[in-house]
Amino acid sequence: MNKPFIVCIVDDDEIYQFTVTRTIEFHKLAKKVLVFSDGELAIQFLIDNIDHYEHVPDIIFLDLNMPIMDGWQFIEEYISIKPRIGKKIIIYIVSSSVDPIDLDRAKKVSEISDYLIKPITPDKLHDIIRSLEAL
Amino acid sequence: MIHRQLKQRTTQLFSGNGIGDLMARRLFPKILITLGLFYVAGIEVHRLNILSVEFEIVLLGILLLICAFLLTLDAANTLNKIGHRKQETEVEDIKRNRNLEVLIAKSNQELRAIFDSALVSIIGTDKNGVITHFNKGAEILLGYPITEVKGKQTPEIIHLKEEVIARGNELSEKFGREVRGFDVFVEFAKQGKYESREWTYIRKDGSRFPVQLVVTAILDGSKNITGYLGIATDVSDLNKARLDLEILANHLQRQNNTLLNFAHITSHNLRSPVSNLNSLLHLYKVSNCSGDKEVLFGKFEIVTRHLTTTLNELIEALKIQKDLSKEREIVRFEEILNKTKETLAGHIIEANAIVTFDFTRADMIEYPRSYLESIMLNLFSNAIKYKSPARVPKIHFKTETVSNEVTLIVSDNGLGINLEKHGNKLFGLHKTFHRHAEARGIGLFITKTQVEAMGGSISVESAVDNGSTFKVLFNRNN
């Protein structure tokens, strides 16, 4: 049986979108996977669904380097609309950047739960979903 | 009056230090005793009546003569002694003076040697600025013989007028009163401070050289200023070395930036396809449906192709960065623009773009032809690619020379870029800012790499929905 969560992937890398979606579906870790290839599309979705919390994702896997609106800009926008969203969203940064500047910056933002370096393994995905269930 | 004089003389006689006083004190008792003895002896002889009166008088006269002779002898002796001692001291004094003279001459020579050092210009002036001293060094460095300046000129003739005026303005503002002419050099010295700063000296033949000049005041015993001393060293070599160092530092800074950029690229652009390959591999392993495996294999192909492209782009960039000695030739901007227009002809017609140019300010440049072609092609194709759908695209090319540097300016009326959001990423590899099928994020990266490899720089001004202006400064520091 599928877990009752909506997982959101914000990343411009199609192969990454494919592998993560595949893994989640394979292990039945979510009831729905939303995919956006840049921050602007994702924030637009959140704004459009601000009154329909049943569509709002429980967890967001956010990439940093994206065109149009990158991960950091997404976080800024998210913080400004966060009070209007009737649901707690857990955000994970998932990036191939191992730059300590990015890692430090992520630590300073309280909206970010953790910083994961690509690739994320199926085990890691399991752990994350399990910690979500425990809440 | 006479009484007091007599009293003063008498006191001096008993306590004075003059040779006369000393002699008087010495002779007076001897005369007194001798006369006393003669007096007693005379009376006694006369009373005993041994000799006739005439004989007595003659005898007394003879004895007095002998006594006078003896006393004179004694006085002469004493005077001789005093005289001798005085001579000795005089000789000593002369000796000491001669030693002093030697010492003074020696230190004078040393001072002279320092003063005449050929590498340092030392110029002394009176308090009004008229030159009083002008050493060998000044003669050699400045080309003026001392006879032409001493007592005739002020140091203003060897200074750059504009510099003196500019400094005068600075000082006037600082002290809130007029500081002009010679005062510009000595204002600090006047206040008991000294100042060391760089000036430009002008030789007699009009040529110039930079100096480091220290000005101090010359004071007399009661601390009044009697003149000024300006000591200047030629710092041309130093400045040249400094300039060389600056160029080197700039070059190193650029290389360092390139390296950092490269590290960033490897961390992003190579890590992500590799991690994708890993994820795909994992899915491939756990999959047990052959149709599924085929789909996954197709994905492998995509990643492999992507990885190959990225590697090729990196190699291209590395080649440019390595190629600092790329051959330059004279290239005409208009010729390159025409070639670029031919290459992009299809796109220009399709976009209905209006292309104008003005290369009157600088119509050519010494630059690697292939780089200029690539730079203009990239900026040109970007201007077309990111046109605004609301306007007829207008693209204008022009050149300018800013302090001997040729600058190429390409402006368009396209979509523009939000520089506040994307400014720092604009020239990065695989950074795109528009949801555009053709955006690959390689053009500006290569352009920047080429411009910087040739020692130039590229900058951009832009406003969203207003257009962009790219500026390429070509030969910086070359």
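**Around the cores**

Modeller: Happy to. Setting aside neighbours within four places in sequence, A:F74 is in contact with A:V10, A:G39, A:A42, A:I43, A:L62 and A:M69. Please keep in mind that this is a predicted model.

Colleague: Which residues touch the most other members of the largest nonpolar core?

Modeller: Those are A:V10, A:L62 and A:F74, in a core of 36 residues. The elements giving two or more residues to this core are, in chain A, β1 (6–10), α1 (14–26), β2 (32–36), α2 (39–48), β3 (59–62), α3 (71–81) and β4 (90–95), together with α8 (236–286) of chain B.

Colleague: And which element gives the most to this core?

Modeller: That would be α1(A), with five residues. Apart from this core lies another one, of 29 residues, and B:I348, B:Y386, B:I395 and B:L415 are among them.

Colleague: Let's switch to the contact between the chains. How many residues does it take from chain A and from chain B?

Modeller: The contact takes 18 residues from chain A and 18 residues from chain B. On the chain B side, α8 and α9 (290–322) each supply at least two residues. The largest share of that side comes from α8(B), with eleven residues.

Colleague: How do the residues on the side of chain B that touches chain A divide into nonpolar, polar and charged?

Modeller: Five are nonpolar, nine are polar and four are charged.

Colleague: Now the helices. At what angle do α10 and α12 of chain B pack?

Modeller: Helix α10 (residues 333–343) and helix α12 (residues 369–385) of chain B pack at about 50 degrees, and their axes are 10 Å apart. The two helices are therefore oblique to each other, and α10(B) passes α12(B) in a right-handed crossing.

Colleague: Which residues make that contact?

Modeller: From α10(B) there are B:I336, B:L337, B:K339, B:T340 and B:T343, and α12(B) brings B:L372, B:E373, B:M376, B:L377 and B:F380. Six of the contact residues are nonpolar, two are polar and two are charged.

Colleague: What about helix α14 of chain B, which of its residues are buried?

Modeller: In α14(B), the buried ones are B:L444, B:F445, B:T447, B:K448, B:T449, B:Q450, B:V451, B:E452 and B:A453. With nine of its eleven residues buried, α14 (residues 443–453) of chain B is largely enclosed by the rest of the structure. After α14(B) comes B:G455, with a positive phi near 85 degrees.

Colleague: Is A:K28 buried or exposed?

Modeller: A:K28 is exposed, because there are 11 other C-beta atoms within 10 Å and 12 or fewer counts as exposed. B:K223 also has a positive phi, near 65 degrees. The place of B:K223 is the loop between β4 (208–219) and β5 (225–234) of chain B, and B:K223 counts as exposed, with 8 C-beta neighbours inside 10 Å.

Colleague: One last thing: where is the cis peptide bond that has omega of about 0 degrees?

Modeller: That bond joins A:K118 and A:P119. A:P119 lies in the loop between β5 (112–117) and α5 (122–134) of chain A.

Methods:
Residues numbered from 1 in each chain as written. Chains lettered and ligands numbered in written order. Predicted model: local features only at pLDDT ≥ 70, side-chain atom pairs only at ≥ 80, totals over all residues. Axes fitted to C-alpha atoms, helices over the stretch in contact; angles between N-to-C directions. Helix = DSSP H or I, 4+ residues; strand = E, 2+ residues; numbered from the N terminus. Parallel < 35°, antiparallel > 145°, perpendicular 65-115°, else oblique. Left-handed = near helix turned anticlockwise from the far one by under 90°. Contact = placed C-beta atoms within 7 Å. Nonpolar A, V, L, I, M, F, W, Y, C, P; charged D, E, K, R; others polar. Core = buried A, V, L, I, M, F, W, Y, C linked by C-beta atoms within 7 Å. Buried ≥ 20, exposed ≤ 12 C-beta atoms within 10 Å, placed from the backbone.
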